[in-house]
Amino acid sequence: MSDQNAGTRTTPHPRHIDFERLHNFRDLGGYRSADGRTVVWGALYRSDSLGKLGGAAGPGADWDRFLGLGIRTVIDLRYPWEIEAKGRIPEVERFTYANLSIEHRPYDQAAIDPGIDPWRYLADRFAEVTEDGADEIRRTIELIAAGPGPAVFHCTSGKDRTGLIAAFVLTLLGVSEEEILADFALTELATARLTADWHAANPGRVMRWPSYGRAPAQIMSLVLADLATRYGSPAEYLASRVGITPRTTARLRDRLLC
């Protein structure tokens, strides 16, 4: 399945949007809901760090391309200390901006023991996020549902924290688990560039974990299965633990489905 047509197959819209400094910027449009509707193109995006749009190089073609998307809401899922170190989106006053750090227990993926089961390890870290970050997850989804659109949410690599929010939004929209897993796995197309970025930012350090930057569907499959074991289903987790109300779900569907 190509990245352009994953989950859509009949649309010419590109799933990935090409930037020089962003490696994992994707449109969540085109996925089919169980009720036969389709997620609107150009309404919701997921990305790696938008801080890359600034930095030493300053605004340029990437910034112009980003502004051309008409995005009005930006949700930054990183820790405040990550933003302090790496920067946030330029000209933040242009946007409705929220920093909602859904992860509460930091860990260094580059230093993970290469001898452990990598996908079970990451699924267990996701499980921590689903419990620790329930309030921030709720606020993120509510802002996507009610804030000015189009919207984008991002973390550092656009892989784990971003992947979790994407999976939850698509769940609430009634997208199939198959499509949710396929969307998560599209980060694999960015792995090489994300790894190269890490090496450029960490000269002299050794990357211990050979699976850095990977995002196979198996990780999200484990995460959703874990939620089903604990709560009955991912949708029930979102309702009972996170506190997503029927009204929020209805607003999300009204905004993002056609």
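Hi everyone, let's start with the largest pocket: helix H2 (80–86) and helix H7 (191–201) each give at least two residues to its lining. By helix I mean a DSSP run of H or I with at least four residues, numbered from the N terminus. This is a predicted model, where local features need pLDDT of at least 70, side-chain atom pairs count only at pLDDT 80 or more, and totals for chains, interfaces and linings use all residues. Residues are numbered from 1 along each chain as its sequence is written, and side-chain values use heavy atoms, with hydrogens and water left out.

A pocket here is an open set of points on a 1 Å grid over the protein atoms alone, with protein on both sides within 12 Å along at least five of seven lines; a cavity is a set where a 1.4 Å probe fits but cannot get out, and lining residues have an atom within 4 Å of a point.

The largest pocket holds about 990 Å³ of space. Among its 29 lining residues, Glu82, Lys86, Thr156, Trp198 and Tyr212 are the closest to the centre. H7 gives the most to this lining, with five residues.

Now, the cavities. The whole structure has two of 30 Å³ or more. The largest has a volume of about 50 Å³, and its lining includes Glu103, Tyr107, Arg125 and Val129. Helix H3 (118–132) and helix H5 (161–172) are the elements giving two or more residues to that lining, and H3 gives the most, with three.

The second largest cavity has about 40 Å³ of space. Glu103, Tyr107, Arg125 and Val129 are among its lining residues too. Thanks, everyone!

Technical notes: Points joined across faces, edges and corners; volume = space filled by probe spheres on them.
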